[in-house]
Amino acid sequence: MNGHPQYAEALALYALGALDNPRELAELETHLGTCGECRRELEALRADTALLALSAVGPKPPDRARQRLLSAIAAEPRVPKKAPQPYTVGRLRSRWFSFAPVAVMLMLAVFSILLGFQVSTANREAKAARAEVERMRAELARNNRELAQNKAIADLMHAPDAWHVDLVAQHTRPQPQIKTIYSKQQGSLMLTATSLAPLPENKVYELWLLPSDGSAPMPAGWFKPDNNGNGWMYHAMQSAGINAKGFAVTIENAGGSQTPTPPIMFAPAPTG
Amino acid sequence: MRVSGTQAPDHKDDAALIDRMRAGDQSAMADLYDRYSGVVYGVALRVLANTTAAEDVVQEVFLQLWRNPGAFDAGRGRLAPWLAVIARNRAIDHLRKRAPEEDIDELPISTGVDMEDEAARKLAVEKVRGVLTQLPQDQRKVLEMAFFEGMTHSEIAGKTGEPLGTVKTRIRTGLLALRKAFA
């Protein structure tokens, strides 16, 4: 991999499930979301770990393990989902040939009705299956469109020539602003910042999630704005499902802090 | 040793066996088991060092493959390496007393190493072992701690007394040495 050597070693750890620094992990996963080259490298590293696994290949399990597996499988047979097959015609025909011609005629009539019903059922099932395939295809296309759009947004924000232009009412100075998007269900959040004051080399802005149960603020990622005061950040919380009543931003030492240092630099805008 | 891009007949066999499994053919599962149980069991036994626990992993991995054969995508890799990694992950779950996943992971693992044929498999295993033997001992140790013991980066650094950066570098360099040997 040549494009992003800064992630090379973290990727190797990630492929082994050994990357345990939450900040590094979140940063790498964010990057993987937008970088195809690093995703391919991750796939190659997983293949390398598979080679490592081969060094342990050797003994076969005892025979009882085979029997145990096959018994378990027999206990839960998977019936393939197929439309009824016309092969039943041939099977039935051989059975009915031994009857008297009249009976054969009668039974064939009954059989024709049954077959018609069967075909009709098969047609209905096939139609339903086609509709389901169409629905899934449409859903896949929609997901692909959303994915492409999300990637385009992320690429734009990452672009080295990304030009952030804030339009404000004339004769006023642009106000520093931070916007956050938080999903309790996903346990992740995103932040964009504009026109922030520059920070000394050893300082960063850190975001805090304020739990609605009144417990201590939780660190929710840190970032450093660029020379124009703009920045963005994605952060995965340690767990999903945290109810938040708000967010706040403080200035902390580089590397972030576990507890906020006053003063609060940014707080939710008053509503109403 | 065949590499990626070469269509080995046995690779097609694997795909055919998976197709038969999808259709509910239990004998296909038996064939796959006979072909790859040594891969799954060997890895699980190496991680767990306990035959009963390793047999449980074998049962889980193959049973879940039976329940969800679509988890393996023949277009994105070969079955043996995929099973080996799944077995390792399952065994680490056992080792760490984590609840096993409900389903098997759909990880794309596209190594070009031919493992379907018994002779090729033995050759590949010998080659991997040879590469590992040639690695510096410290490097091999951290690789094995991460893979077979499921230790994290900081746990390895704590246990070996090596700086985090050194552990990171050794792990990546070790994996790349394996890749290079099979390139």
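Predicted model: local features only at pLDDT ≥ 70, side-chain atom pairs only at ≥ 80, totals over all residues.
Residues are numbered from 1 along each chain as its sequence is written, and chains are lettered from A and ligands numbered from 1 in the order in which they are written. Local features need pLDDT of at least 70 and side-chain atom pairs count only at pLDDT 80 or more, while totals for chains, interfaces and linings use all residues.

**View 1. Helices of chain B.** Chain B contains 8 helices and 0 strands (DSSP runs numbered from the N terminus: helices are H or I, at least four residues; strands are E, at least two). Of its 183 residues, 44% are buried (20 or more other C-beta atoms within 10 Å of the residue's own; exposed means 12 or fewer, partly exposed in between; C-beta atoms are placed from the backbone). Of the contacts in chain B between residues at least 6 apart in sequence, 70% join residues at least 24 apart (contact: C-beta atoms, placed from the backbone, within 7 Å).

**View 2. Confidence along chain B.** Mean pLDDT (the predictor's confidence in each residue, from 0 to 100) is 83 for chain B, with 82% of residues at 70 or more.

**View 3. Surroundings of A:Pro219.** A:Pro219 lies in strand β4 (residues 218-223) of chain A. A:Pro219 counts as buried because it has 20 C-beta neighbours inside 10 Å. Leaving aside residues up to four places away in sequence, A:Pro219 touches A:Glu206, A:Trp208, A:Gly256, A:Ser257 and A:Gln258. The C-alpha atoms of A:Pro219 and A:Gln258 are 6.0 Å apart, with 39 residues separating the pair in sequence.

Conventions. Contact = placed C-beta atoms within 7 Å.
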